[in-house]
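Visitor: I'd like to learn how to read a structure like this one. Could you walk me through it?

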Amino acid sequence: MNLFLLLRKIVNTPLMPVQGTWIDAAVFVIIFAVLSVAAGVCFFVRSPKLRQNMRIITRVVSLGVFAVMFFRCICLLKTSVVGVTQIGWDDVSAFGNFFLFILIGSFVLVAGNIYCGWMCPLGFLQEISSRLFPVKTNRLRFLSLGIIFILGSVLLFLFRPANDFFTENIIALWALALVIVVTVVLLNPAREYVILKTKYAFLVLYVLLTGAGVWFSEAWCWLTGNDIDYSSIIGFFVIFLVSAVIPLAWCRYVCPTGTFLFLLGRKSLLKIKATDHGAEIGNTPRCLMGESSRVPESRLMCIRCGTCAYELNDKKI
Ligand code: SF4
Ligand code: SF4
């Protein structure tokens, strides 16, 4: 079967075009609805079980919207950087590149980084990986990382583009860098608080590359776009598999978009504080993002997943 046909979307022209342009208000409306439900459940539903069930629903809907229904780029940060350069001479495109970021950024400013916990398809698929086949011993973890790194490198070599190896493979190389970061974490667990800060360096690098006009794919581009981009597919599978070794590893140590949203979320109106820091299982924090009283940086990365018990603006919920 032609893979291109398999990845085609149900909706290929805007359902609700804004003033006849390529900008589709339908995506905007659906995301607004999903994030409103997410914020409502996250902050006002007490039952963790119900919160988790609702979180599954919002992420399945989101996956359907981005992977099956619409062609819609969700490189929030990258398209925003491009949008900035279009202001003044192509305001419609500037708005088109900005509108998802403005919507999602507004929710993050009110509710914290709810996008990562309740919507992002890559976060959802990583979580599936970490729950389906968690790698539990260190020996197996190192073995898995070695296999993933070799496999990713071989695939990268086999499918290397004819033109520019670096720019056309940035996301696959970025994912291989994640394997190295995770290996360093496993070798130095006590230093995780330092390694968690590498994501700021990745964010700076990402903005510099994008600002310099280097256009590269993201790990989700093969899913949300209509292109068969091998770098994106290889990057995705490396990230997916590494998440079985450390849950949401990409989100914790590398993801530039998530890092930006974490920074934005620190200014959020509604703040939550996990109240079960002590409830760690052995040395493994219960929280998927590694929230732990021992690692202060991890407390800044809450994705509002609703798994733990928490207080909202110092009030128990
Ligand atoms: S950190 Fe990145 S990959 Fe993870 S959920 Fe957030 S945007 Fe998605
Ligand atoms: S502290 Fe962890 S478990 Fe609790 S809501 Fe935040 S990300 Fe989820």
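**Reading the cavity, the bridges and the loops**

Guide: Start inside: α7 makes the largest contribution to the lining of the largest cavity, with five residues. Keep in mind as we go that this is a predicted model.

Visitor: What sits in the largest cavity?

Guide: Ligand 1 does. The residues around ligand 1 are Cys 116, Cys 120, Leu 122, Gly 123, Gln 126, Trp 250, Cys 251, Cys 255 and Gly 258. By class, that shell has six nonpolar and three polar residues, with no charged ones.

Visitor: And ligand 2, which residues are closest to it?

Guide: Ligand 2 is surrounded by eleven residues, and the closest are Cys 287, Cys 302, Ile 303, Cys 305 and Cys 308. Its shell has seven nonpolar, two polar and two charged residues.

Visitor: Now pockets. What is the volume of the second largest pocket, and how many residues line it?

Guide: The second largest pocket has a volume of about 740 Å³. There are 37 residues in its lining, with Phe 71, Cys 73, Gly 225, Asn 226 and Asp 227 nearest its centre. To place it on the fold, find α8 (138-158), α9 (165-168), α13 (221-224) and α14 (230-245), each of which supplies at least two lining residues. The element that gives the most is α14, with three residues. By class, the lining of the second largest pocket has 20 nonpolar, eleven polar and six charged residues.

Visitor: On to charges. What should I look for, and how many salt bridges are there?

Guide: In general, side chains of opposite charge can pair when their charged atoms come close. This structure holds four salt bridges. In one of them, Glu 127 pairs with Arg 55, and the closest N and O atoms are 2.7 Å apart. That pair links distant parts of the chain, since Glu 127 is in helix α7 and Arg 55 in helix α3, 72 residues apart.

Visitor: Are those two side chains buried or exposed?

Guide: The cut-off for buried is under 20% relative accessible area. Glu 127 is at 4%, so it counts as buried, and Arg 55 is buried too, at 0%.

Visitor: Which other arginine meets Glu 127 in a salt bridge at 2.8 Å?

Guide: Arg 59 does, at 2.8 Å from N to O. Glu 127 is in helix α7 and Arg 59 in helix α3, so this bridge ties together parts that lie 68 residues apart in sequence. Arg 59 is buried as well, with a relative accessible area of 3%.

Visitor: And what does Arg 252 pair with?

Guide: Arg 252 meets Glu 192 in a salt bridge of 3.7 Å, N to O. Arg 252 is in helix α15 and Glu 192 in helix α11 (residues 192-195), so the pair joins parts 60 residues apart in sequence. Both of these residues are buried. As for shared partners, salt bridges join Arg 55, Arg 59, Glu 127 and Arg 131 into one network.

Visitor: Last one, backbone angles. Where is Leu 248, and what is its phi?

Guide: Leu 248 lies in the loop between α14 and α15. Its phi is positive, about 50 degrees, although Leu 248 is not a glycine. Leu 248 is at 2% relative accessibility, so it counts as buried. Gln 19 also has a positive phi, near 50 degrees, and is found in the loop between α1 (3-6) and α2 (25-44). At 76% relative accessibility, Gln 19 counts as exposed.

Conventions:
Residues numbered from 1 in each chain as written. Chains lettered and ligands numbered in written order. Predicted model: local features only at pLDDT ≥ 70, side-chain atom pairs only at ≥ 80, totals over all residues. Heavy atoms only, no water. 1 Å grid on protein atoms, 1.4 Å probe; cavity = no way out; pocket = protein on both sides within 12 Å on 5 of 7 lines; lining within 4 Å. Points joined across faces, edges and corners; volume = space filled by probe spheres on them. Helix = DSSP H or I, 4+ residues; strand = E, 2+ residues; numbered from the N terminus. Nonpolar A, V, L, I, M, F, W, Y, C, P; charged D, E, K, R; others polar. Near = heavy atom within 4 Å. Sits in = over half its atoms within 2 Å of the grid points. Salt bridge = Lys/Arg side-chain N within 4 Å of Asp/Glu carboxyl O. Buried < 20%, exposed > 50% of the residue type's maximum accessible area, 1.4 Å probe, protein only.
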